[in-house]
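Please consult the sequence and the structure alongside the text.

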Amino acid sequence: MIPEIGQFALILALCVAAVQGTVPIYGAVSGNASLMAVAKPAARGQFFLVLIAFCCLGYAFAQKDFSVLYVAANANSKLPLHYRLAAIWGAHEGSLLLWTFILTLWMMAVTLFSKHLPEAMRARILGVMGLVSLGFLLFMLTVSNPFERLIPAAPDGRDLNPLLQDPGMVMHPPMLYMGYVGFSVAFAFAIAALLGGNLDAAWARWSRPWTTVAWCFLTVGIALGSGWAYYELGWGGWWFWDPVENASFMPWLAGTALIHSLAVTDKRGGFKVWTVLLAILAFSLSLLGTFLVRSGVLTSVHAFATDPKRGLFILIFLAIVIGGSLLLYAWRAPRVGLGGGFDMVSREAMLLANNVLLVVAMASVLLGTLYPLFLDALGLGKISVGPPYFDTVFVPLMTPAIFLMGIGPLAQWKKASVPNLAVRLRWAFGTSVATALLLPLVLGKWTPLLSLGFLLALWIATTAAVAVRERIAHLEGAGLMARLASVPRSYWGMILAHCGIAVFIVGVTMVKGFETEQDLRMNVGESATIGGYAFQFEGAQDFVGPNYIAARGVFRVTKDGREVTTMYPEKRRYLAQRQTMTEAAIDSGMFRDLYVSLGEPLEAGAWSVRLYHKPFIDWIWGGCLIMAMGGVLAITDRRYRLAWRRASESEAAAAQPVEAPIL
Amino acid sequence: MTPRQKRFSMIGLGLAALGIAAALVLNAFNSNLVFFFTPTQVANGEVPKGQSFRIGGMVEAGTLTRENDGLTVHFVMSDTVKRVPVTYKGILPDLFKEGKGAVAQGRLSSEGTFVASEVLAKHDENYMPPEAAEAMAKAKAAGKQSSDTLVVTP
């Protein structure tokens, strides 16, 4: 019964989406306010309907209703409740439901925080989002129904893939989807502006906070996925340039470019056409990512569907969304105009260069990800593009981008002078170059890449310090604290996010430069030293978990004779799927991670063992979190709060008269 | 500079930068492509000498042996027609098993042994790496042909 309610709610949501995608947009074209007013209740209704469907699926999982095919395929009676709930997005159908649910969540947010928008604009935005959700609901109801029954019911479920039975599974997909789908808001703003033909600075100002929020979620989502792969896959790597990772990284690169180009459109009215294109690009890449990951084109832990109908549907959907929006763009963009001019050395020019570099980087990832697929689809042989390709491309592309990142915030809009910038930045430059050259020597190893990494990180940090100092010097105010407080939060947000990149770079540089790794055979009682830490293997015992049995190794770790910690890596065997899993033991720290994973059992209680010492690896994810925090700080800026308060006040004022005039 | 010249020089600079970037990307791309071969292709000598490539197929049952260091393993990869001996030093992935599909990346030594630097077995028990599946399918198709011809020739 409950699954049928869920299914019915989805059908109703589809009908509402059809109304929401057409009526308000027509209303905006014909200037009919009552038609436009349909958008808001329709969006909210859709949200509640999809919420009901989502809860129904959750209920089926909680109740172990194995008469639902999806539940039977992805849960087991022994699977703990929190993983049963996370299993909602454990495979294809449910993750699409999550996608749609998050889309309606964003719609709901738009209805709540759009009081300051003109009615026609809001109607168009919600209309466009309704069309997107129409596509996804149609997809679910035709070829990918999460509520499909399995009759007769299975006695027990097949269980969730053991790789996914992890706290990462609870957090990573929702965060990532919040980011992916969040770009649909920026996309809807762009399409609405194209439809309405009013691409002014106001449009950019409105869509900026939305884009930033989506970007923050995406940043955290990618970082979570990377951290998850690090401890769960048992290979100690944090980024593999796997096509699935690339699929989430491409929208991030486009979104980062979009944030910077929106800043120019907002402040200077420039880059309008480019900004719109980036908004379309960011969302298209999110859709492409969903397609790549969920269609079974790529084979990885993320890919489920092998049904060609599904792939075809997504492909057609992609073609309609991307093709349609690009056609609209080609048709309407030329009337937008170019906006203010600027000099070759100016903040605009630097942001433009940053944008070009980010987009080129994105394109190179796209090439490396799609080319093997094309070759395969055309029957021209199977190839794969290895991580070295991405490494060799990214370093030279990101180096100038990061160099500009230091200068950009200090350069004037419209026209800046090189000698002036050079004078202001000479100390920052001198300090970072000198330190970057010497620091690796102090650490005991010098390579050009190490120095480059430190240089980039230091350059960001020192230029940020210069920028903040100059900013404060120009401000009136009594004490230092007062002056610091009067700097707008969006400025602090930018500085913080840039410093997050610096922290990230330090992490990557230190890990690449100084990590030590050892695969070895260890007998019981034997000891091995790595990175100054001695690991003593005390043998492995049998251990019984809720839905698995395991061999659990015991490693006593000492440094200079002092006890550090005891680590318990496991080799698990999950009963339902009869699958073996390596569960690494990690001792995390501010400056280093110790990582132990069990290989295979050898004779006489010995094991093959993998030991890692990874300095500063947590800085990689810490840097991502700092970036996201910068984004959050930026959207709490006073100007947004003011706009929001003004809108609430004017609405309250409008509510006062007995009969508000209907326009 | 007049605004017109300025604009042109800017466009020129932009195009030059894009050109350099494109050259860089394509060069890196070209030198990092990893091709895939089946055991039959390897046995027939179709693979480039001294270059890294991938090989896929079934890990033949009963061929997995381990040296005394506990890390170096030897096994035979086959597509049911041709067999290629493989050595690998390191810890094998969880789902690596005899009688199951696997993909290895590495180089061919002068003695004809494939020295793997990486062994991939994927994330699911029932999963067959597509490269491995294709190798088997190809070999099967070829085998059928040859057995047909066998019937005709005598």
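Two strands are said to pair if DSSP finds at least two bridges between them. The model discussed here is predicted.

Q: In strand 5 of chain A, which residue is the bridge partner of Ala540(A)?
A: Strand 4 (residues 533-544) of chain A pairs with strand 5 (residues 548-559) of chain A in the antiparallel sense, over 10 bridges. A hairpin of 3 residues joins strand 4 of chain A to strand 5 of chain A. Within strand 5 of chain A, the partner of Ala540(A) is Gly553(A).

Q: Which residue in the turn between strand 5 of chain A and strand 6 of chain A has a positive phi?
A: Strand 5 of chain A pairs with strand 6 (residues 562-567) of chain A in the antiparallel sense over 5 bridges, and Arg556(A) stands opposite Thr566(A). The two strands form a hairpin with 2 residues between them. The residue in the turn with a positive phi, of about 50 degrees, is Asp560(A).

Q: Which residue in strand 7 of chain A stands opposite Ile549(A)?
A: Strand 5 of chain A also pairs with strand 7 (residues 570-574) of chain A, in the antiparallel sense and over 5 bridges. In strand 7 of chain A, the residue opposite Ile549(A) is Arg573(A).

Q: Is helix 7 of chain A parallel or oblique to helix 8 of chain A?
A: The axes of helix 7 (residues 119-143) and helix 8 (residues 167-196) of chain A come within 8 Å and cross at roughly 125 degrees. Angles of 65 to 115 degrees count as roughly perpendicular and those over 145 as roughly antiparallel, so the crossing falls in the remaining class. Helix 7 of chain A is therefore, relative to helix 8 of chain A, oblique.

Q: Is the crossing of helix 7 of chain A and helix 8 of chain A left-handed or right-handed?
A: Among the residues that make the contact are Val128(A) of helix 7 of chain A and Ala188(A) of helix 8 of chain A. The residues of this contact divide into 11 nonpolar, 2 polar and 1 charged. The crossing of helix 7 and helix 8 of chain A is right-handed.

Q: Which element gives the largest share of the side of chain B that touches chain A?
A: In all, 29 residues of chain B are in contact with 38 residues of chain A. Helix 1 (3-31), strand 1 (33-37) and helix 3 (130-152) of chain B each give two or more residues to that side. The largest share, 10 residues, comes from helix 1 of chain B.

Notes: Residues are numbered from 1 along each chain as its sequence is written. Chains are lettered from A and ligands numbered from 1 in the order in which they are written. This is a predicted model: local features need pLDDT of at least 70, side-chain atom pairs count only at pLDDT 80 or more; totals for chains, interfaces and linings use all residues. Axes are lines fitted to C-alpha atoms, for helices over the stretch in contact, and angles run from 0 to 180 degrees between N-to-C directions. Helices (H or I, at least four residues) and strands (E, at least two) are DSSP runs, numbered from the N terminus. Angles under 35 degrees count as roughly parallel, over 145 as roughly antiparallel, 65 to 115 as roughly perpendicular and the rest as oblique. A crossing is left-handed if the near helix is turned anticlockwise from the far one by less than a right angle, and right-handed if clockwise. Two residues are in contact if their C-beta atoms, placed from the backbone, lie within 7 Å. Ala, Val, Leu, Ile, Met, Phe, Trp, Tyr, Cys and Pro count as nonpolar, Asp, Glu, Lys and Arg as charged, and the others, Gly among them, as polar.
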